[in-house]
Amino acid sequence: MNDVTPKRVGVLGAGQLALMLAEAAKTLGIAVVCAGQRGDCAERVAEVVVVDLDDPIQVAAFAGRADVVTIESENIHASVLTGLNLAPNAHAIGIAQDRLLEKRFFEQCGIGCAPFLPVDSAEDLQSAAKLLGLPAILKTRRMGYDGKGQIRLQSSEGLPTAFAELGGVPCILEGMVRFDAEVSLIAARGRAGEIVFYPLIENVHRDGILRRSTVPFAGATDALQQQGEAYLRRILEELDYVGVLAVEFFVVGGKLLANEMAPRVHNSGHWTIEGAKTSQFENHLRAILGMELGSTESVPTVMLNCIGEMPSEQETSATPGLHRHDYGKAGRPGRKVGHLTLAAGEGEAIGQWYARLNPEDQG
């Protein structure tokens, strides 16, 4: 780092992504301060300042403590972020936090996605369902994550109440996609416009929550990787983006259809801590600080999310080569409390751990 490179990073949020950013920062000799609440995950390794992330005055005051500010969640309203020395920029975050803007942006970039229509009333939902057909998924435009803020509509019976069940807020209706696999691609773009890509990641979800990520995606071809990289390059350059970006895709007939993008480090990239020469967290920091981006060379790796409860250290220590990441969260149903990483060749151990963490999938 040279003398003009910022050395203090502010993170809006203090959850597990901020925790892992702060851990990566320590290896680079970078100071991190997080905006959140007392008791948040990142407090174990970084300074946490109590900030109301909906208050532009408090956020601006916090931003003044750092040379550059980044986010761990796209659900901070873009209007609060305007005017900050922020990476990625508020425009990119504003698009990613609104599903309608996001889908239209994909279309503008020439990137295919599921058919969709805006829904602003119960009457709109009836009309959209007739045009798109059922089954379909009704999603809130903002604030949906890990399966929240969405309803699967299998038949017209659910239409009269679905819009109200999501709070009567602006929504979109998405047509169902019959996909061969769910994958994601993660890239980092630096301040000079340089871009590095990780390999395509295969993801397994249940109830809208990521359960397993595997690298490399078994169905990946050079053509599919190149298509994904071309799409992300288009997005990154169109948005003048700086930092890590993740895009989730459906694989349909050997082609990629975009599902959604995340303007931050991403759950499906947690394997990079052990599985890549440079983790997504380190490369995000390198990008926003104007440093040279690190190598994304990787080895076959599997990441398993721990949902609801974290297995004990005694339990995980019995598996050689297993890496345990405990976020320090209280357990509750549907909550990501940690993750485990193993070499992809450890098929038997991976199967046993997946069954242990996902008993609902068994039998």
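Predicted model: local features only at pLDDT ≥ 70, side-chain atom pairs only at ≥ 80, totals over all residues.

Reader: What makes Asp 240 exposed?

Author: Its relative accessible area is 52%, and exposed means over 50%, so Asp 240 counts as exposed. Asp 240 lies in the loop between α8 and β13. Its phi is near 50 degrees, a positive value in a residue other than glycine.

Reader: And what about Asp 207, buried or exposed?

Author: Asp 207 is exposed, with a relative accessible area of 59%. Asp 207 is in the loop between β11 (201–206) and β12, and it too is a non-glycine with a positive phi, about 55 degrees.

Reader: What span should α8 have, and what does the model give?

Author: The expected span is 1.5 Å times one less than the number of residues. For the 17 residues of α8 that comes to 24 Å, and the end C-alpha atoms are 24 Å apart, so the two agree.

Reader: Why are the buried residues of α8 said to be on the same side?

Author: The buried ones are Leu 224, Gln 225, Gln 227, Gly 228, Tyr 231, Leu 232, Ile 235 and Leu 236. They cover an arc of only 165 degrees around the axis, which puts them on the same side of α8; the arc is that of the directions from the helix axis to the C-beta atoms. On the other side, Asp 222, Ala 223, Gln 226 and Glu 238 are exposed.

Reader: Why is α1 called largely enclosed?

Author: Because 10 of its 13 residues are buried. What covers those buried residues includes β1, β2, α9 (272–275), α10 and β17 (336–343).

Reader: Why are α1 and α10 called roughly perpendicular?

Author: Their axes come within 8 Å and cross at roughly 70 degrees. Axes are lines fitted to C-alpha atoms, for helices over the stretch in contact, and angles run from 0 to 180 degrees between N-to-C directions. Under 35 degrees counts as roughly parallel, over 145 as roughly antiparallel, 65 to 115 as roughly perpendicular, and the rest as oblique. That is why α1 and α10 count as roughly perpendicular to each other.

Reader: What makes a group of residues a nonpolar core?

Author: It's a set of buried Ala, Val, Leu, Ile, Met, Phe, Trp, Tyr and Cys residues joined through side-chain atoms within 4.5 Å. The largest one here has 44 residues, and Val 9, Val 32, Cys 34, Leu 285 and Ile 288 touch the most other members. The helix α1 gives the most to this core, with 9 residues.

Reader: What is Ile 288 in contact with?

Author: Contact means heavy atoms within 4.5 Å. Leaving aside neighbours within four places in sequence, Ile 288 is in contact with Val 9, Val 68, Thr 70, Ala 87, Arg 191, Val 242 and Gly 243.

Notes. Residues numbered from 1 in each chain as written. Heavy atoms only, no water. Buried < 20%, exposed > 50% of the residue type's maximum accessible area, 1.4 Å probe, protein only. Helix = DSSP H or I, 4+ residues; strand = E, 2+ residues; numbered from the N terminus.
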